[in-house]
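I opened the model to look up the surroundings of two residues. My entries follow in the order in which I made them.

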Amino acid sequence: MAERGRPRGFDRDIALRRAMEVFWERGYEGAAMNDLTTAMGINSPSLYAAFGCKEQLFREAVELYGRTEGGYTDRALATAPTAHAAIEAMLRDNAAAYCDPATPRGCLVVVAGNTAGLRNGAVRDFLAERRRHTVTAIRRRLERGIDEGDLAAGTDTDGLADFYTTVLFGLSVQAGDGVEAQRLGATIDRALRAWPESAGAHR
């Protein structure tokens, strides 16, 4: 007996990456279904069959971004030897990626969040949660820095995490506006000068 249903005539992983690039460039609301199906090389029924709906496709695209193009923050926080080195690597690596001519400018999670309006509250909340995860990851790395002695005990890790997350997301916005990498680097230099003085010897 023949298998029920028609087998997919496309590579799901390739189609998802192309969808990710459309969302990255145009945001959630700016990415029309026709834009997505054209980029993915499939028709609407195939999209719905493979991904369920536009929102689910977007959520998968964001997950893919986090595992690939958007993985600089997690790598920096996990591998740098000190808290200061982790924050610096996070900012510089992301800024370089935001300006890479091979990809859309800025961070998908920030760019798409700017265009997710009230009628797409679930998408807006999903992106906000992703951004809160970044704040939490930075704070935990700073707390580890206290435990390992490269940040002074009593350092305001909540405030410091908020500050450097704001810088990180701001770099994305500026990159999306066309600000050159050199100017982003100068902003990073200034932000790093705000590092707690008491920890200066442990950088």
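**Entry 1: Ile87**

I listed the contacts of Ile87, leaving aside neighbours within four places in sequence, and found Leu77, Ile138, Leu142, Tyr164, Leu192 and Trp195; contact means heavy atoms within 4.5 Å. The model is predicted, so I noted that local features need pLDDT of at least 70 and side-chain atom pairs count only at pLDDT 80 or more, whereas totals for chains, interfaces and linings use all residues. Residues are numbered from 1 along each chain as its sequence is written, and side-chain values use heavy atoms, with hydrogens and water left out.

I placed Ile87 in helix 6 (residues 83-98); helices are DSSP runs of H or I with at least four residues, numbered from the N terminus. Ile87 counts as buried because its relative accessibility is 0%; buried means under 20% relative accessible area with a 1.4 Å probe, protein chains only. I read 8.9 Å between the C-alpha atoms of Ile87 and Leu142, which are 55 residues apart along the chain.

**Entry 2: Thr165**

I found Thr165 in helix 9 (residues 157-176). Thr165 counts as buried because its relative accessibility is 3%. Not counting residues up to four places away in sequence, Thr165 touches Thr134, Val135 and Ile138.

**Entry 3: Confidence**

I noted an average pLDDT of 89 for the protein chain, with 89% of the residues scoring at least 70; pLDDT is the predictor's confidence in each residue, from 0 to 100. Over residues 1-7 pLDDT stays under 50, and the model has zero contacts beyond four places in sequence for them.

Terms used. Helices (H or I, at least four residues) and strands (E, at least two) are DSSP runs, numbered from the N terminus. Buried means under 20% relative accessible area, exposed over 50%, partly exposed in between (1.4 Å probe, protein chains only).
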